[in-house]
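Dear colleague,

I am handing over the structure below, and after it you will find my notes on what turned up when I went through it. Please read them with the coordinates open.

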Amino acid sequence: MTQVEIPSDEFELPFFKELGYTRKFCSSCKLHYWTLDPDAENCGDAPCVDYTFIGNPPINKPYTVSEMREKFLSFFEKHHHKRISPYPVVARWRDDLMITIASIIDFQPYVTEGILPPPANPLVISQPCIRFEDIDLAGYTAGRHLTFFEMGGHHAFNYQDEPQVYWKDETVRMHHELLTADLGVKDELITYKEGLWSGGGNAGFDLEGCVNGLEVSTLVFMMYRVIGDRMEPMPIQVVDTGYGIERWAWLSQGTPSAFHTIYGDVLDDILGWAGITPDVELLAETAIYSCRI
């Protein structure tokens with residue numbers, strides 16, 4: 001796909017202006033990002049920075065994965081999204097993919113092409129996903145990369161000649177509210193990195209939400225079809241968000257790895273059966289730098 005430059009005003013959002021966010025350029029990854037820190041020199045995402053949440057979680061209390069899933073779903077239900085059940089991990093409604101790799105896959109190509117209506121608009125889902133492209137990193141990065149994971153997605157489908165459901169500004173506002181008002185993360189710890197996301201035949205500019213070195217979400221504003229190496233406008237503008245439920249839970253616990261958060265006592269039992277007593281302090285220290293791999 002042809003590289004598309006992100007317009008400098010693409011994310012000049014009222015929300016960012018109200019809170020005092022400024023757009024800066026990361027000297028490490030060479031991408032633009034939004035921050036409240038006027039002295040910031042990088043985007044706040046690993047590996048440009050190391051993790052600072054290990055042993056020092058910024059969320060107001062620890063959540064299990066199931067608790068974080070319910071927190072996410074109920075939050076968006078309160079914001080007038082309809083909760084829908086997850087789809088199968090085998091993408092049997094598609095002939096170009098074998099497995100479900102993101103929540104938006106559930107609605108491609110029929111909904112995103114306007115062939116069928118979505119099951120609700122807006123909607124919220126926690127979708128089990130499988131990805132193999134970075135399986136070689138699973139384990140090395142302390143749980144940043146997982147082969148099987150849950151993607152929380154809140155989606156809105158904006159049709160031409162119909163009232164807009166919501167778009168960029170409200171998407172970021174709700175994301176920020178969940179992190180701060182509900183989960184207690186301080187505003188100044190949250191950065192938003194600009195990017196371009198493509199998957200399943202569609203693409204759009206995005207903002208990646210980062211807290212203490214951990215990317216926890218990708219807020220994609222899907223506007224294009226991907227045809228070969230070209231991008232063409234879509235008939236529908238789609239809010240396509242991806243929240244890593246396990247990462248949010250990991251952020252809340254600050255454990256030495258996401259595996260400690262995901263498996264909890266089960267991991268302790270397995271280590272006990274194997275006769276292994278891990279050096280937790282060493283694991284935690286290693287995890288801080290694992291994102292550099």
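Because D50 lies in the loop between strand 2 (32-35) and helix 2 (65-78), while R292 lies in the segment after helix 7 (280-290), the pair ties together parts that are 242 residues apart in sequence. R292 is itself exposed, with a relative accessible area of 54%. Please keep in mind throughout that this is a predicted model.

Salt bridges

The structure holds 15 salt bridges, and besides the one above I would point you to a few others. E10 forms a salt bridge with K168, where the closest N and O atoms are 2.6 Å apart; this pair links distant parts of the chain, with E10 in the segment before helix 1 (14-19) and K168 in helix 3 (residues 168-182), 158 residues apart. Both E10 and K168 are buried.

Helix 3 also takes part in another such contact, since the side chains of K71 and D182 meet in a salt bridge at 3.5 Å, N to O. With K71 in helix 2 and D182 in helix 3, the pair ties together parts that are 111 residues apart in sequence. D182 has a relative accessibility of 18% and therefore counts as buried, the cut-off being under 20%. Finally, D45, R144, K193 and E208 are linked with one another in a network of salt bridges.

The largest pocket

If you plan to look at pockets, the largest pocket contains about 710 Å³ of space. It is lined by 30 residues, of which R131, M151, E215, T218 and R247 are the closest to its centre. The elements that give two or more residues to this lining are strand 5 (148-159), strand 6 (190-199), strand 7 (202-211), strand 8 (214-227), strand 9 (230-244) and helix 4 (245-253). By residue class, the lining of the largest pocket divides into 11 nonpolar, 9 polar and 10 charged residues.

A nonpolar surface patch

On the surface, Y263, V266, I270 and W273 form a nonpolar patch, which together has about 490 Å² of accessible area. Helix 6 (residues 265-273) gives the largest share of this patch, namely 3 residues. V266 lies in that helix, and because its relative accessibility is 46%, V266 counts as partly exposed.

Backbone details

Some backbone features may deserve a look before you prepare the model for any calculation. A cis peptide bond joins Q108 and P109, with omega at about -5°, and P109 is found in the loop between strand 3 (82-83) and strand 4 (123-130). The peptide bond from N121 to P122 is cis as well, with omega near 5°, and P122 likewise lies in the loop between strand 3 and strand 4.

As for positive phi values, K30 has a phi of about 65° although it is not a glycine, and its place is in the loop between strand 1 (22-25) and strand 2. N212, also a residue other than glycine, has a positive phi near 50° and lies in the loop between strand 7 and strand 8. At 12% relative accessibility, N212 counts as buried.

With best regards

Technical notes. Residues numbered from 1 in each chain as written. Predicted model: local features only at pLDDT ≥ 70, side-chain atom pairs only at ≥ 80, totals over all residues. Heavy atoms only, no water. Patch = residues over 30% accessible without salt bridge, like charges linked within 9 Å, V, L, I, M, F, W, Y side chains within 5 Å. Areas by Shrake-Rupley, 256 points an atom, 1.4 Å probe, with all protein chains shown as cover. Salt bridge = Lys/Arg side-chain N within 4 Å of Asp/Glu carboxyl O. Helix = DSSP H or I, 4+ residues; strand = E, 2+ residues; numbered from the N terminus. Buried < 20%, exposed > 50% of the residue type's maximum accessible area, 1.4 Å probe, protein only. 1 Å grid on protein atoms, 1.4 Å probe; cavity = no way out; pocket = protein on both sides within 12 Å on 5 of 7 lines; lining within 4 Å. Points joined across faces, edges and corners; volume = space filled by probe spheres on them. Nonpolar A, V, L, I, M, F, W, Y, C, P; charged D, E, K, R; others polar.
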